[in-house]
Amino acid sequence: MYALPGGAVRRSLLLIGRGIRSQPKTFALAIGASALWGLAFVAVGWLLGRLTDDVVVPALTGEELGTSRIVGAGLVLLGLAVTTAVTVAGRRIWAGIGAVDVQAGHRRLVTRQYLRLPMSWHRSHPTGQLLSNANSDAESAGYVFMPLPFALGVIVMVIGATAAMFASDVVLGFIGLTVLPLVLAVNAVYRRWMTPAITQVQAERAEVSDVAHESFEAATIVKSLGTEQIEEDRFTEVTHRLREANVRVGRIRSVFDPVIDLMPALATLAVLVVGVHRVSSGDALTGDVITASYLLTILTFPVRAIGFVLGDLPRSLVGHDRISRVIDARGYLEPGDVDLSGTGGLHLETEHVRLEVGRGAEARLLLQDVSLVVPPGGTLAVVGSTGAGKSTLVDVLLRMTDATEGVVRYDGVDVRALSEASRTAAAALVAQTAFVFEDTVRSNITLADPGASPITDEQVWEALRLARADAFIRELPGGLDEVLGERGTSLSGGQRQRIAIARALVRQPRLLVLDDATSAVDPQVEQAILANLREQACTVVVIAYRNATIALADRVLHLEAGRVVDVGTHAELLARDPGYAEIVTAYARDREQRA
């Protein structure tokens, strides 16, 4: 489990320990530099007290001082100053590197989990929330590690300063000792107020990301329907809630920050008042008061670093809790260890596949008793009305979702027993919505495959030819080096679909699944693409609606309400399956009516 157990204190300690263990060398250097910095400052305070009694006071009383004594004291102070400068630089550099590395580690864990979790999990979580988990939540979970080395160094500094103050004067030492417990007590109250406020901020940030993502994704619809004002009002509402949540956090900090800053100052004032009386009565030396007041003065900001840590802990705990819900999510599909052998088309078979989602009263049956066989090199068209379960069947065939019951086999091997590399090498999917990256045509086809056998330009052009995309790619100014716009906005829908088909074909899959992947392509081009697929000698499963396309398949499976209605050739189903005939002739009838 990645989630932290226990109460707030235990979870805070576990969070800090986990982060330090993830980057031990970096944080060891940062904490070591911070501790050395604290000791150097304490040494400066102690030395100033001694110089006050041994140099300043005698000089003011007219006592003769040797030059070597003054120069020696100056050199010691100079050495301590250089030490503090070097250690400050080292602390900031290593603390910054450590904090960024912790945040990067969180992002890697979250995104790796996103890739492992099944599509059913992704569909139940808004995209904006997923973006927030991988970005702001992962970043928040690492906030505390930036001031942490400073705060740990301050603890060393406080211990050393307390020891120095006690060595100078016990009474003044007790006054200085009261600062740290008071700061911890104030921060305990601060954390109690801040945790729910930060939780609300993180939740509102996720909501803002979600609304913004939806508006940007649907930019074409928004503009075409003239609903810009509606989307603007919707976004304004969620950003206003985020603003209010941030203002609440600011108000809490505005109360507690001055209180924490005030404590060392009050302690310094108390030292001066008490110190004057003790020097007057002869119970303490002037240098003792100088040492105590100087150490408390320089502790004002360092003690604030402890406040930074305690102030950032609620935010980091909230961020960690949010990413833990992703990292601890289960249900991802564990791969097997069997590797497929053989070349050419894949023998695909499903046996009594059943898929049910939800539990109890909310359970829904998506597929029931689906059995099919596609021989190597064969083509199966899956036909059904909207909501029949065609895309769900595709998810099961490619093991993006595991069936509740039944089995899917590749060449007689249960797909759940296959290794991930073997399964993804054997099967490829081209979905209806073709995603195009903001990259070159070449990179969109190869996806910068780092495999042992890099994809050559000749293979890219051959895949483009099979997908009937080579002609318009050659017309682009940069050819394969042409950078396509974000999501391929510079291309038509049919061109994007053909690039997606080429992306699948360049890997020479043994099973190619086309989930309505040619819906935006001209019917004649679509038939040419399907004819070209036979050159690949791969097994093809195609979700189709057009009569001419379906007729090219060796076998047709009619699916309705998650059940197989009939299987046969196109002609056979037209003759004996009225529901099938109604579906495949609807498109032609619609065209005739419009004509």
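Q: What makes strand β8 (residues 539-543) count as mostly covered?
A: In β8, 5 of its 5 residues are buried, where buried means under 20% relative accessible area, exposed over 50%, and partly exposed in between (1.4 Å probe, protein chains only). A strand here is a DSSP run of E with at least two residues, a helix is a run of H or I with at least four, and both are numbered from the N terminus. Please keep in mind that this is a predicted model, in which local features need pLDDT of at least 70, side-chain atom pairs count only at pLDDT 80 or more, and totals for chains, interfaces and linings use all residues. Residues are numbered from 1 along each chain as its sequence is written, and side-chain values use heavy atoms, with hydrogens and water left out.

Q: Which residues of β8 lie on each of its faces?
A: T539, V541 and I543 are on one side, V540 and V542 are on the other, and all of them are buried. In a regular strand the side chains alternate between the two faces of the sheet.

Q: Why is T379 called buried?
A: Its relative accessible area is 14%, so T379 falls under the 20% limit. T379 belongs to strand β3. Leaving aside residues up to four places away in sequence, T379 touches V374, R534, V540, V542, A553, D554 and R555, where contact means heavy atoms within 4.5 Å.

Q: What makes β3 and β7 partners of β8?
A: Two strands pair if DSSP finds at least two bridges between them. Strand β3 (residues 379-383) has 4 bridges to β8, in the parallel sense, and V382 stands opposite I543. Strand β7 (residues 511-515) has 5 bridges to β8, also parallel, with L514 and V542 as bridge partners. From β7 the chain crosses through helix α19 (residues 523-533) to β8, and this β-α-β crossover is right-handed; that is, with the strands pointing away from the viewer, the path from the first strand over the helix to the second runs clockwise.

Q: Why do β2 (364-374) and β5 (413-414) stand at the edges of their sheet?
A: This open sheet of 4 strands has the order β2-β1-β4-β5, with antiparallel pairing. β2 and β5 each have a single partner strand, so one side of each is left without a neighbour in the sheet. For β2, strand β1 (residues 348-357) pairs with it over 7 bridges in the antiparallel sense, and T350 has L372 as its bridge partner.

Q: How do you know that R116 and E334 form a salt bridge?
A: Their side chains meet at 3.8 Å, N to O, and a salt bridge is a side-chain nitrogen of Lys or Arg within 4 Å of a carboxyl oxygen of Asp or Glu. This pair links distant parts of the chain, 218 residues apart: R116 is in helix α3 (residues 67-116), and E334 is in the loop between α12 (300-327) and β1. The structure holds 18 salt bridges.

Q: What makes R243 and E244 a salt bridge?
A: The closest N and O atoms of R243 and E244 are 2.7 Å apart, which is within the limit for a salt bridge. R243, at 48% relative accessibility, counts as partly exposed.
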